[in-house]
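Dear colleague,

Please find below the structure I am handing over to you. My notes on its helix packing and its sheet follow.

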Amino acid sequence: MSKIPYKIYLSEDELPTQWMNIRPFMKELPEPMLNPATGKPCTKEDLLPVFCEDLVDQELNVTDKYFDIPGEILDFYKMYRPSPLIRAYTLEKALGTPAKIYYKFEGTNTSGSHKLNSAAAQVYYAKKQGLTHLTTETGAGQWGTALSMACAFYDMQLKVFMVKVSAQQKPHRKAVIETYGGLVIPSPSDTTEIGRKILENNPGTGGSLGCAISEAIEVATHTPDCRYVLGSVLNHVLMHQTVIGLETKKACEKYDINPDIIIGCAGGGSNLGGLITPFMADKISGKNDIHFIAVEPASCPSLTRGKFAYDFGDTGKTTPLMKMYTLGSGFIPSANHAGGLRYHGMNSVLSKLYDDGYFEARSVEQTKVFEAATYFAKCEGTLPAPESSHAIRVAMDEAIKCKETGEAKTILFGLTGTGYFDMTAYQAYHNKTMTDYIPTDEDLEKGFATLPDLCALK
């Protein structure tokens, strides 16, 4: 075979026409969501006041392996998909490694990240249902940007609760959301009952995704023709993101690329799950032995230091209970620059797979992440998002191991977006004002203390 090109593009005709549902492939299903009022598994009726009906059906489906992507969503995808699989030749040379390094690049659309894959789907289903308003949260701003784009396309009103510290660090991301018509409210805010309570209990807090989710859900449930949409964590969001992994697998098969290691950053889990799902389904059935690695911030280590327990998805304790790796819904992480990874919990499917030993998790400090991001930018010419740079850090570490051992492994990671709205963070790194905060065991215990008592629900 001739040399593999720098950028591998699939044709428009090769765009996946179905999303993949990993749950029917699993040997044992994750525990169901519970209604906190009853302690019993959530029904469709329990979820309909908060979420769109089609999304609820997808969320609760544990039997269908594939869902057809509606034609209108495929037409939207074709504006920016398929996205390229890129061979990092220059990075390989700079590291002096025998390893082959590939990355799936999701930063080619205007939103700058993978988030548009689910935003387009969720807004489409909301419009189909006849809704007129949506609410959401956003951490780093990628989800808020993507959703505002989709809402503009489908003529839908949007209110975005943006984690306060991220809104302060990334005013230009806020401006883009507003350009597309979204209303941005730094969270926690005094515009909701839950926000006011959080501010009373935590004066001066920079907020968290859990806080922002609570405010968004409160508004959604008190506004006519309005629903809440989420950018990660839930299973239907992960499923929409499998378009990433399906494209990646098809490109690998087309060029006879066989990954030994697949790496993704992990916050709520949708991009990691979206990338690995088709490969993980094969691993579960014994068709490959790929080593999967999830990478999270040392400041918010839900997988590496969390507990596998039922917990609320938000600080205000308004969501259903999910069995997941969690730091406790009351945990508010330090104001690190990887805003999209500052979530206290992890998707329930990924939590189950991790607990069953199907992949490894690592946590990395902020300065090491930006060291890798800067190195990558100089080699590959793309400024990566802080979130994605967690995966870059570990990909580089694995490539260096190959240099030391002489093994020519094939490493693949997800580059979920660009970092051009994260210059405050890059500047802090270059000015050496960036710090690494790692929560103590005592810090984590405060979060664990907020875990619900399931016995009290019965």
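Helix α5 (residues 116-128) packs against helix α6 (residues 142-154) at an angle of about 40°, and their axes lie 8 Å apart. Axes are lines fitted to C-alpha atoms, for helices over the stretch in contact, and angles run from 0 to 180 degrees between N-to-C directions. Helices (H or I, at least four residues) and strands (E, at least two) are DSSP runs numbered from the N terminus. The angle therefore makes α5 oblique to α6 (under 35 degrees is roughly parallel, over 145 roughly antiparallel, 65 to 115 roughly perpendicular, the rest oblique). On the α5 side, the contact (heavy atoms within 4.5 Å) includes L116, Y124 and K127, and on the α6 side W143, M149 and Y154 are among the residues involved.

This is a predicted model, in which local features need pLDDT of at least 70 and side-chain atom pairs count only at pLDDT 80 or more, while totals for chains, interfaces and linings use all residues. Residues are numbered from 1 along each chain as its sequence is written, and side-chain values use heavy atoms, with hydrogens and water left out.

There is also an open sheet of 4 strands, ordered β8-β7-β6-β9 with parallel pairing (two strands pair if DSSP finds at least two bridges between them). At its edges are β8 (183-187) and β9 (226-228), each pairing on one side only. The twist from one strand to the next averages 20°. Strand β6 (residues 133-138) runs parallel to β9 and is joined to it by 3 bridges; T135 has Y228 of β9 as its bridge partner.

With kind regards
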